[in-house]
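Please look over this model with me. My notes follow in numbered points.

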Amino acid sequence: MSGFDLTGLTASFGGERVIGPLSLSVKKGEKVALVGRSGAGKSTLISLIHQQVGRASSLVPQDLGLVNALPVFHNVFMGQLDAHSAWYNTLTLIRPFAKDSNAVRGLLKDLSMPEKIWMPTASLSGGQRQRVAIARALFRHSNLLLADEPVSALDGPMAHLVMKTLSGRFDTSVIAMHDVELALKYCTRIVGIQDGQIALDEASERLTPADISPLY
Amino acid sequence: MALNLIRKFAAASGLLFAFSAAVSAQTLVFTAIPDEDETKLVERFRGIADYLSENLEVDVRYIPVKSYAAAVSAFRNNQVQLAWFGGLSGVQARSLVPGSQAIAQGVEDKAFYSHIIAHESTGLNEMDELSDELRGKTFTFGSKGSTSGRLIPEYYIREAFSEAPEDVFSRVGFSGNHTRTLRLVEAGTYDVGAINFSVWDKETKAGNVDQDAVKVIWTTPSYPNYQWSIRGDADERFGEGFTDRVQKALLNMKDKELLNSFPRSGFIPVSNDAYKPIEVVGKQIGIID
Amino acid sequence: MFSSPTVRVSFLFLGIALVALLFADIAITAANPWKDLGRFFLGVVTPDFFSSEGVAVALLRTVAFAFVGVALGSLCGFALSLVYRNPIVRTFCAFIRAIHELFWALIFLQFFGFHPLTGVLAIAIPYSGIFAKVYSEILEEADPVPGRLLPPGTSTISRFLYTRIPDCWVQLRTYTAYRLECGLRSSAILGFVGLPTLGFFLESAFSQGHYSEAGAMLILFYVVIATMPLWVRPRLLPIYVLGAPFFLGEGLPIVWGNVERFFTQDIVPSPIRNGEGFSGLLTWLNDVMVTEALPGIWNTLVLTQIALVATGIIALLAFPLISAHFGGPVRRTGGHIFLVVVRSTPEYILAYILLQLWGPSMLPAVIALALHNGGIIGHLIGRQTSAIRLRPDAPIGFNRYTYELVPRVYRSFLAFLFYRWEIIMRETAILGILGIYTLGFYVDSAIQNIQFDRAMILIVITALLNIGIDVLGRFIRRKLALQTMPTC
């Protein structure tokens, strides 16, 4: 499965509704950008979708969820933990298999940080950490990507590189982002969120940055 | 039945109030080495306290302690004035309190002896002399400060093997008291153990010993053991002739139930000199400096 | 993974423990260990609360000794913490806390005898040393900025009261309350050497096989500890502290001459007492070292290293029991109860029980130390993991344990473990009193033989060994940059 059709999505915090009720249907092959002011409910929507589609997706949460004490390799490898037996995973913790480390190094090369593979994650910069979380999502090899501001800590060229890699590797994706230019360039469909509701839903080729700016 | 219950209650509460009631100068406090199960000791010595208090016309209180050394220290520190000691603890205590005297021992204590007992799984049988069959077995003494449960058996083990017990046996332990030595060997926790004959006989008579599981394999030659010792300053504190009165009361004890609780058939006079052999052995083994 | 220093250190200690196992005396010598254990558990589930009239009074005494001892200890400790920078004070505190409560009790028993002061001081003295250290650590962490902003000329006392105390108050209070719980445990085990607290009755019941009675006492003890938050209220504290001295019992009067005798004669090495001169003293010291101190030190070290690693293993196995990331509320409640029970039972009592059931060897001691200390660390780590927020797509089950949680808490786990290293050694030494050949065995033997000079030498050696391990533990923690707040 890579597309989804969800209806009646709602979320409340402290009795106050922050999302919905709204419906969102994403077809296989679509690359959706969620745009909107911070606090509009983009992150909440991403996690609602994740709850519904579950483990079939690859997730890049905003707070990354890295295990600082583990090296980069293991953090990336964690994307595939459910694909292996507990024995395999435990052995990998002690001594990784060459097959996996080559695969991970390849991914890291795409993200131009192959030399960091055995570094403790705690010693990385913010941008590098973000790329480790992205590598973890890539390593998962699912078709659907759910990402919450995956390039917020990356500089221009690097952000482009990462977005290109993501749109190349994932069939279908839902990415929350505030950078309108990147959204228009790498996504096929723009969904604007305002006050917990969908305020805009249009193919990106039919939009210009000016069309989106009222949402901010 | 009811009487028994009341006595039990009195024994238990006596134990409590030992710590709570004020002890006046005119109270004779005594203790005893904890060589058997505590409830038995408390029952036995509550009876003695009542008996002495009737005969001496002073308050008499029994204080239970947790170790032989605690009994010796309490005697030495004048927190107790009278004590029922073993041979060794008596020698230790009297050497620490100048003027103190052994005043009475049990009829049986004149020629006391210890048994070496073994669990049936060892296949050991009664032997004339401690033999090499014992090597490599596990062994438990009673308390570290016991005469019949440690000092004398250790002396004969060293004599027979010319080695320390730790080198003869694969494991050497201290069970704490004679009742526990019996239980541990009976259960097979230790292969072999040393126990005094009096506890052995009493428990056997009461039917508390599984004769199939444990038996006596050797008995030591006789030696002097338990005695009542009193501090040298007792007369000063309780009045002229007090020591003699205590001695007389002990010697005149005829109550069968009281005597059986030790178990002794009666008490006879004794002096410090009777325990010279114990002192010599204690020095040889290094327990006494 | 081996490139990480924490992992390397862990494997180093694991290796040491495995080597130590080769030298350790590990065995179950009882013929029927499981039957006895079964009878014991049967006793715990069929507790007999009315068999011994002494239990209620014993509990009251246990609580009273804990309150008086801890209150006195915290007062002295606070005073000492103010001058803790002084190296002499520092060394003094390290020394008094390196000697276990039971050793202090055995010392005071020799001259105060069965007077309540024996129990009170046995708790208050080592606790003063611990309080001094921890209070000073807490006070040092207070934010220094407010102090600098005070008008010049503010008196030291006002500066202290206005800027230090308020900042640390919560921590000081939490730690002191925690220590009170430790004090209850210390107080309970003092009964094993004859003071009128719970251990006195527990030992009697246990040694005679009255398991239902022993079970009842243990259950009541757990209830007292588990309900502490309910009955230890800040407003009631003054009442408890002022009232507790009246519930210590009167014991037997102190004869002051004994105190003088103890210090001027008993603990003077016998060759000096007997005028055998310097060469006599050397022979004597040599004898103590070869026949008692060295075997005792060796066994203490072997047992400590095995118990340390076993503690770590138990802690790592136990923390998921209460972690919010595993299982539902029912399982977690079960886990909490299990951990409360193992960490509320003093090592000494656990070891005593297991020794009775399994026969003498190092095994009962290892299990007792590992269960108690592993329970404490497992509780702290479990609580810490519950505060971790995992990403929504985090792995589950065993993978969650190995990849998400253990790596995150491993450093604080090691910090706690090395913090408790010295505590484990202190307990290991004391377990010798129960018949395992660690230093405590030789101390107890010397006391049983009325050779207090030997006992004192051995106690001082034990203290120095503890101080050494404490320094080493701190060195390793600093080297690995591990930080922790003090625990019991």
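How many of the 10 residues of helix 9 (residues 198-207) of chain C are buried?

1. Nine is the count to check: 9 of the 10 residues in helix 9 of chain C are buried. Buried means 20 or more other C-beta atoms within 10 Å of the residue's own, with C-beta atoms placed from the backbone. Among them are F200(C), F201(C), E203(C) and F206(C). Helices are DSSP runs of H or I, at least four residues, numbered from the N terminus.

2. This is a predicted model: local features need pLDDT of at least 70, side-chain atom pairs count only at pLDDT 80 or more, and totals for chains, interfaces and linings use all residues. Residues are numbered from 1 along each chain as its sequence is written, while chains are lettered from A and ligands numbered from 1 in the order in which they are written.

3. The cover over helix 9 of chain C includes helix 2 (38-56) of chain B. Chain C itself contributes helix 3 (54-82), helix 8 (156-190), helix 10 (211-226) and helix 17 (347-358). Just after helix 9, G209(C) has a positive phi of about 75 degrees.

4. Chain B has a mean pLDDT (the predictor's confidence in each residue, from 0 to 100) of 88. In chain B, 91% of residues reach 70 or more. Over residues 1-24 of chain B, pLDDT is below 50. Where pLDDT is low, the predicted coordinates should not be read in detail.

5. Chain B is assigned domain 1 (2-109 + 224-272) and domain 2 (114-219), with bounds from an automatic or database domain assignment. Their C-alpha centres lie 28 Å apart.

Conventions
Contact = placed C-beta atoms within 7 Å. Buried ≥ 20, exposed ≤ 12 C-beta atoms within 10 Å, placed from the backbone. Helix = DSSP H or I, 4+ residues; strand = E, 2+ residues; numbered from the N terminus.
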